[in-house]
Amino acid sequence: MGEPILELRGVNKSFGPVHVLHDVDFTVRAGEVTALVGDNGAGKSTLVKCIAGIHSMDSGEVRFAGSPVHVHGPREAAALGIEVVYQDLALCDNLDIVQNMFLGREQLRGGLLDEAEMERKARQTLASLSVRTVKSVRTLVSALSGGQRQTVAIAKAVLWESRVVLLDEPTAALGVAQTRQVLDLVRRLAEQGLGVVLISHNMADVFEVADRIATLYLGRMVAELPAKEVTHSQVVELITAGRSGDLGMARPEAATV
Amino acid sequence: MSTSTVEAPATRPERTGFGRRLVSANTFWIGLVLVGLYLGFSVLAPSAFPTLFNFQTLLIEASVLLVLSVGMTFVIITSGIDLSVGSVLVFAGVVGAKAMEALSPGHDATSAGWGVIAVGLVAALTGGAVWGLANGLLIARAKIPPLIVTLGSFGAALGVAELVTAGVDVRTVPQALRRTLGYGTSFVVVPNLVLVAVVVTVLGGWLLHTTRFGRYTYAVGSNAEAARRSGIGVTRHLVLVYLITGLLAGLGGFMSLAYYGTTTISGHSTDNLNVIAAVVLGGTSLFGGVGSMLGSVIGVFIPAVLTKGFVILGVQPFWQPVAVSAVLVAAVWFDQRRRRTQDRR
Ligand SMILES: Nc1ncnc2c1ncn2[C@@H]1O[C@H](COP(=O)(O)OP(=O)(O)OP(=O)(O)O)[C@@H](O)[C@H]1O
Ligand SMILES: [Mg+2]
């Protein structure tokens, strides 16, 4: 189906003595939603942060749109068109919604901050996400509910002309209606040709939107399969045991951290 | 998917962050306190307090503190602190004065010309910037807490200044400098020292409230990790903030030299606390991420007005710190209560 837009090969990452990612291969295809699933502590967020340039990889190679790249920081990731919604959201409480959405990429006019233009674009993006509960785009993030914060973090990521969007549990704090909006958004981004990665613990959501499902088990990529070819219970088994029938690792019990 | 929103006819920009912060409740109330104090003293001493001369001296005496507080506002918004400003001021003054003496015949700079004075200014600014850079690198790169780093430079900068001068104030300051920057006036009534302080403050406010640099200052103080993930060079930004603060302390040292005609080595041991008190009084949060330049200006003038008022009314000047502390605690308490009621909404 879709062309690979982002390819990781043999990625390793340790924090001191803790080996978190073991020779991980991972492919994100343009126009597809890839679900990244795995138990708590499997290494999903770490993988995302490696892609975003927040953590450096110990080894492994990254290809973006076919050519090898080395991403040394969030700014370089953003320059390639990689946007991330972090699990912990990473918003500044004392800044308002607009200021957060444009943080690090403020629009300028004559060298000064162009508040009116940023506000206009922020409104536009929020409106396209059907955000109804935020009264004013000048509300400080500290005054927002958990779900509203999550929406701001998502809006911050879709504001830009991006090619790959990674969403780390974007619906964790959301209500029913907002979850629906985000899932619709995920599909819509893929239809626009972006490569979308969705991390989620909710299998119903995963099966609803994902084209492919990649499973991490103790920091190892045990399966990367089209969603149509696996069942709900197979994925759960892959997540919890590392294998399911002839899918997954040959000897998951040998896997150590 | 529905696209309707309640975002009312969303064309008119809302009040921007700057405007909103400007009238943010805390600044507003503390501004009222300042106006109240000024009016109060004017009523109590109608012939002595509200005079042009008194107003001028009030501004002159606050000028150096104001320059220091511009830097301190940036530092505290990043959730840092700089205890070294007073010592760095002294150090810069000594370096500037020594440089001017060294270039003058017989080591007496009293009649030195503008070339020598310019060298003195550069020396003072450099002296301040070096300490600021050292603070910044130790805090942002070596990740030593700002309180510890600047407590160290607070002692070290003063120590070095005393070593250089053997503890004796340098007293030969060019007359040309004293006449102009020290006690000269421009536009008939504006003391030059005040003019410099105003320019620095306006530039500081402009930098803080309308530029990326200012926005990043709030972001770093609010959530450094979020700032980093948004691609902001947090380390570089912190180094710059402390560097600017050191540079401004250097300028303060030069201004002080021009005004007093001596290096006043022993006269700045509580500058740091006065500046921090002023900035916090003005609504800048020690927890970072919150604050305004206007607030700091107001915060500098409340103690200044109290001092002047007490002197004119013949109240023992020892009451001034007591009164300032009371206002400071009241301001913070008031602010917290306001925030709590806001949270309860
Ligand atoms: N900065 C860090 N320093 C040390 N260890 C870390 C760090 N970040 C993550 N780890 C470790 O790496 C492992 C994987 O963590 P990660 O956050 O990637 O898991 P996850 O798959 O996202 O889990 P969850 O579903 O709970 O979000 C964990 O064992 C964690 O303790
Ligand atoms: Mg995670």
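# Close-up views of a predicted model

**View 1. A hairpin in chain A.** In this predicted model, strand 4 and strand 5 of chain A form a hairpin with two residues between the strands, and there Ala65(A) takes a positive phi near 50°. The two strands run antiparallel, and three bridges join them. Strand 5 of chain A covers residues 67-69. One bridge pair to look for is Arg63(A) with its partner Pro68(A), which lies in strand 5 of chain A.

**View 2. Strand 4 of chain A and its pairing with strand 1.** Strand 4 (residues 59-64) of chain A also pairs with strand 1 (residues 4-15) of chain A. The sense is antiparallel, over five bridges. Find Arg9(A), then look across to strand 4 of chain A: Glu61(A) stands opposite. Strands of a sheet pair through backbone hydrogen bonds, either parallel or antiparallel.

**View 3. A six-stranded sheet in chain A.** This open sheet has six strands in the order 6-9-10-3-11-12. Its pairing is mixed. Which strands stand at the edges? They are strand 6 (82-85) and strand 12 (220-226) of chain A. Each has a single partner strand, so one side of each is left without a neighbour in the sheet. Neighbouring strands of this sheet are turned by 15° against each other on average, direction ignored.

**View 4. Strands 9 and 10 of chain A, side by side.** Strand 9 covers residues 164-168 of chain A, and strand 10 covers residues 195-199 of chain A. They run parallel, joined by five bridges. Asp168(A) has its bridge partner, Ile199(A), in strand 10 of chain A.

**View 5. Helices on the strands of chain A.** Helix 5 (residues 146-158) of chain A lies across strand 6 and strand 9 of chain A. The helix runs at about 180° to strand 6 of chain A. Helix 8 (residues 232-241) of chain A packs on the sheet too. Which strands does helix 8 of chain A touch? The contacts are with strand 3 (33-38), strand 11 (212-217) and strand 12 of chain A. The direction of helix 8 of chain A makes about 25° with that of strand 11 of chain A.

**View 6. The shell around ligand 1.** The residues around ligand 1 include Phe15(A), Val18(A), Val20(A) and Gln87(A). Among the others are Gly41(A), Ala42(A), Gly43(A), Lys44(A), Ser45(A) and Thr46(A). Strand 2 (18-29) and helix 1 (44-51) of chain A each supply at least two residues of the shell. Which element gives the largest share? Helix 1 of chain A does, with three residues. By class, the shell has four nonpolar, seven polar and one charged residues.

**View 7. Two domains of chain A.** The domain assignment gives domain 1 (1-81 + 162-172 + 185-257) and domain 2 (90-160) of chain A. Their C-alpha centres lie 28 Å apart. Four residues from domain 1 of chain A and six residues from domain 2 of chain A make the contact. On the domain 1 side, three residues are nonpolar, one is polar and none is charged. A separate record, an unreviewed UniProt entry, annotates residues 6-243 of chain A as "domain: ABC transporter". That span is 34% helix and 29% strand, and its end C-alpha atoms lie 25 Å apart.

**View 8. Where chain B meets chain A.** Here 29 residues of chain B are in contact with 31 residues of chain A. On the chain B side, helix 1 (17-22), helix 9 (212-222) and helix 10 (224-229) of chain B each give two or more residues. Which element of chain B gives the most? Helix 9 of chain B does, with five residues. The chain B side divides into 10 nonpolar, 12 polar and seven charged residues.

**View 9. Two packed helices in chain B.** Two packed helices are described by the angle between their axes and the distance between the axes. For helix 8 (residues 192-210) and helix 13 (residues 293-313) of chain B, the angle is about 145° and the axes are 9 Å apart. Helix 8 of chain B brings Thr201(B), Gly204(B), Gly205(B), Leu208(B) and His209(B) to the contact. Helix 13 of chain B brings Met293(B), Leu294(B) and Val297(B). Together these contact residues divide into four nonpolar, four polar and no charged.

View 10. The unreviewed UniProt entry places the feature "transmembrane region" at several spans of chain B, including residues 180-208 and 273-306. Residues 180-208 of chain B are 69% helix and 14% strand, with end C-alpha atoms 30 Å apart. Residues 273-306 of chain B are 68% helix and 0% strand, with end C-alpha atoms 17 Å apart.

Note on methods:
Residues are numbered from 1 along each chain as its sequence is written. Chains are lettered from A and ligands numbered from 1 in the order in which they are written. This is a predicted model: local features need pLDDT of at least 70, side-chain atom pairs count only at pLDDT 80 or more; totals for chains, interfaces and linings use all residues. A residue is near a molecule or strand if its C-beta atom, placed from the backbone, lies within 6 Å of it. Helices (H or I, at least four residues) and strands (E, at least two) are DSSP runs, numbered from the N terminus. Ala, Val, Leu, Ile, Met, Phe, Trp, Tyr, Cys and Pro count as nonpolar, Asp, Glu, Lys and Arg as charged, and the others, Gly among them, as polar. Two residues are in contact if their C-beta atoms, placed from the backbone, lie within 7 Å. Axes are lines fitted to C-alpha atoms, for helices over the stretch in contact, and angles run from 0 to 180 degrees between N-to-C directions. UniProt positions are given in the numbering used here, feature names are shortened, and annotations may be inferred rather than shown by experiment. Two strands pair if DSSP finds at least two bridges between them. Domain bounds come from an automatic or database domain assignment.
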